[in-house]
Amino acid sequence: AGFEVADRIRLQYSAGPRLAEAIVAFAGHIRRETLAVELGPEEIAEPDIRRAVKANGQPVELALRKER
């Protein structure tokens with residue numbers, strides 16, 4: 001997708017309540033590790049990547065966009 005290791009991103013998630021609670025609890029760590037300037041459930045306009053995955057067996061949809 002043309003990303004560099006040092007790129008800043010906006011990261012959006014859509015998850016069930018249990019997983020969303022864990023994401024909120026570890027939001028600072030997730031932002032630091034992914035270099036995300038924004039992390040939240042709010043929809044990202046025109047994401048560069050959108051994927052449905054599983055985390056600990058729970059479905060989650062992730063979208064990210066490179067900070068321009």
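**View 1. The side chain of R10 and its polar partners.** In this predicted model, the side chains of R10 and E38 are joined by a polar contact of 2.5 Å, where a polar contact is a pair of N or O atoms within 3.5 Å, one of which, within protein, must be able to donate a hydrogen and the other to accept it, while residues adjacent in sequence count only if both atoms are side-chain atoms. The side chain of R10 also makes a polar contact of 2.8 Å with the side chain of E67. R10 itself is placed in strand 1; strands are DSSP runs of E with at least two residues, helices are runs of H or I with at least four, and both are numbered from the N terminus. R10, E38 and E67 are linked in a network of salt bridges, a salt bridge being a side-chain nitrogen of Lys or Arg within 4 Å of a carboxyl oxygen of Asp or Glu. When neighbours within four places in sequence are left aside, the residues in contact with R10 include V37, I44 and L64, contact meaning heavy atoms within 4.5 Å.

Residues are numbered from 1 along each chain as its sequence is written. Because the model is predicted, local features need pLDDT of at least 70 and side-chain atom pairs count only at pLDDT 80 or more, whereas totals for chains, interfaces and linings use all residues, and side-chain values use heavy atoms, with hydrogens and water left out.

View 2. Four strands form an open sheet in the order 2-1-4-3, with mixed pairing, and strand 2 and strand 3 are its edge strands, each pairing on one side only; two strands pair if DSSP finds at least two bridges between them. Strand 1 and strand 4 pair in the antiparallel sense over seven bridges, and Y13 stands opposite L62 in strand 4. Helix 1 packs on the sheet, where it touches strand 1, strand 2, strand 3 and strand 4, and its direction makes about 150 degrees with that of strand 1. Helix 2 lies across strand 1 and strand 2, running at about 140 degrees to strand 2. For these angles, axes are lines fitted to C-alpha atoms, for helices over the stretch in contact, and the values run from 0 to 180 degrees between N-to-C directions.

View 3. In helix 1, which spans residues 17-25, L19, A20 and I23 are buried, that is, under 20% relative accessible area, while exposed means over 50% and partly exposed lies in between (1.4 Å probe, protein chains only). The face turned away from this buried side carries the exposed residues P17, R18, E21, V24 and A25.

**View 4. Salt bridges between parts of the chain.** Side chains of opposite charge can pair when their charged atoms come close, and the structure holds six salt bridges. D7 and K66 meet through their side chains at 3.5 Å, N to O, and this pair links the segment before strand 1 with strand 4, 59 residues apart. D7 is buried at 17% relative accessible area, whereas K66 is partly exposed at 26%. R68 forms a salt bridge with D48, their closest N and O atoms being 2.9 Å apart.
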